[in-house]
Protein chains: 2
Amino acid sequence: MKITSRFTVAVHTLLVIYNFSQTTKVTSDFIAASVQVNPVVIRRTLLSLKAAGMVDVKAGSGGASIVKDLGDITLYDVYKAVDSMDGDMFHFHENPNPACPVGRNIHAVLDAHLADAQAAMENELKKGTLLDLTKDLASKQG
Amino acid sequence: MKITSRFTVAVHTLLVIYNFSQTTKVTSDFIAASVQVNPVVIRRTLLSLKAAGMVDVKAGSGGASIVKDLGDITLYDVYKAVDSMDGDMFHFHENPNPACPVGRNIHAVLDAHLADAQAAMENELKKGTLLDLTKDLASKQG
DNA sequence: TTTGTTGTAATCTTTTTGATTACATCGTTA
DNA sequence: TAACGATGTAATCAAAAAGATTACAACAAA
């Protein structure tokens, strides 16, 4: 009943690239060492972030860089980029009985509420940008 | 990355009890037939709902009934009653590297945002009561 | 005491996530 | 152009979680 760690891994990945790409070649191994997951997990994350137009990854020579203004990337954008999921956060039981008046209408009465709840969560994620996070990070480091 | 179907099953269960307990003995088998899941799943759901003070279940003779005003039960209450989860909706990667300035602070900069997002979702669920759902249901049936 | 039901444990299957291995391919550079 | 260090990507594995299912003791009422 959880949202994948892919999301927090992706945010972590972006922050590592931002923090080190000026001074170091930021490879999947380098990022993996900070996040402490398998490098292949990072490569897959980078593929998603690249597809979303947030980073550039150099095949062959290696190294990732950020290609979109961090002020234009919200947490929601990252979330959507890496956490595909079919769109619905709530998992509905599959086969309510259509022969029962409750089973027949349970979707009709619940779906809107579930969608609203999910939208509320997503809207909250839209409020914070990656740029905000880098500022927070800088202040913690300072 | 999903929220368990336990939640929708529980809402469905409460609505079935509400709709039929006047005219029928509502057993776990009866509810299971409407939700179309295994009766044991319903019994576990009923145990959670009973623990939350929403229903009464008669051991032995059988049958469930609602013991709390449906206007005082929000979707959030049901959600909390049946979806234990340790409290956090987001799954954070376990071991960010403390030797890295990003890994060391990633929790500090992200946790508040994740908590806010979860709270936004939960607050939305607090807006609708089970009584509202029964009214919606009645209008669909009518 | 028989019957129908709940409470609850145990097991199994499926699904999902992430770890891991493997390797072809690509860019750079020596 | 050969060697080297990376990435892209597939395939496999293992662990975790959710439900389904089986089983049965306890219980309440007829």
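Modeller: Let me begin with a term: helices (H or I, at least four residues) and strands (E, at least two) are DSSP runs, numbered from the N terminus. This is a predicted model, in which local features need pLDDT of at least 70 and side-chain atom pairs count only at pLDDT 80 or more, while totals for chains, interfaces and linings use all residues. Residues are numbered from 1 along each chain as its sequence is written, chains are lettered from A and ligands numbered from 1 in the order in which they are written, and side-chain values use heavy atoms, with hydrogens and water left out.

Colleague: Which element gives the most to the surface near DNA strand D?

Modeller: That is α3(A), with 5 residues. A residue is near a strand if one of its heavy atoms lies within 4 Å of it.

Colleague: And which residues come nearest to DNA strand D?

Modeller: Of the 26 residues around DNA strand D, the nearest are Ser28(A), Lys50(A), Gly60(A), Thr4(B) and Ser5(B).

Colleague: What does Ser28(A) lie 2.6 Å from?

Modeller: A polar side-chain atom of Ser28(A) lies at that distance from a phosphate oxygen of DNA strand D. This is a polar contact, a pair of N or O atoms within 3.5 Å. In chain B, a backbone N or O atom of Ser61(B) is 3.4 Å from a sugar or linking oxygen of DNA strand D.

Colleague: How do the residues of that surface divide into nonpolar, polar and charged?

Modeller: There are 9 nonpolar, 10 polar and 7 charged residues. Ala, Val, Leu, Ile, Met, Phe, Trp, Tyr, Cys and Pro count as nonpolar, Asp, Glu, Lys and Arg as charged, and the others, Gly among them, as polar.

Colleague: A change of topic: how many disulfides are there over all chains?

Modeller: A search of the whole structure finds 0, a disulfide being a pair of cysteine sulfur atoms within 2.5 Å.

Colleague: Is Cys100(A) buried or exposed?

Modeller: Cys100(A) is buried, because its relative accessible area is 9%. Buried means under 20% relative accessible area, exposed over 50%, and partly exposed in between (1.4 Å probe, protein chains only). Cys100(B) also counts as buried, at 11%.

Colleague: How many residues of α1(A) are buried?

Modeller: The count is 12 of its 15 residues, including Phe7(A), His12(A) and Phe20(A).

Terms used:
A polar contact is a pair of N or O atoms within 3.5 Å; within protein, one must be able to donate a hydrogen and the other to accept it, and residues adjacent in sequence count only if both atoms are side-chain atoms.
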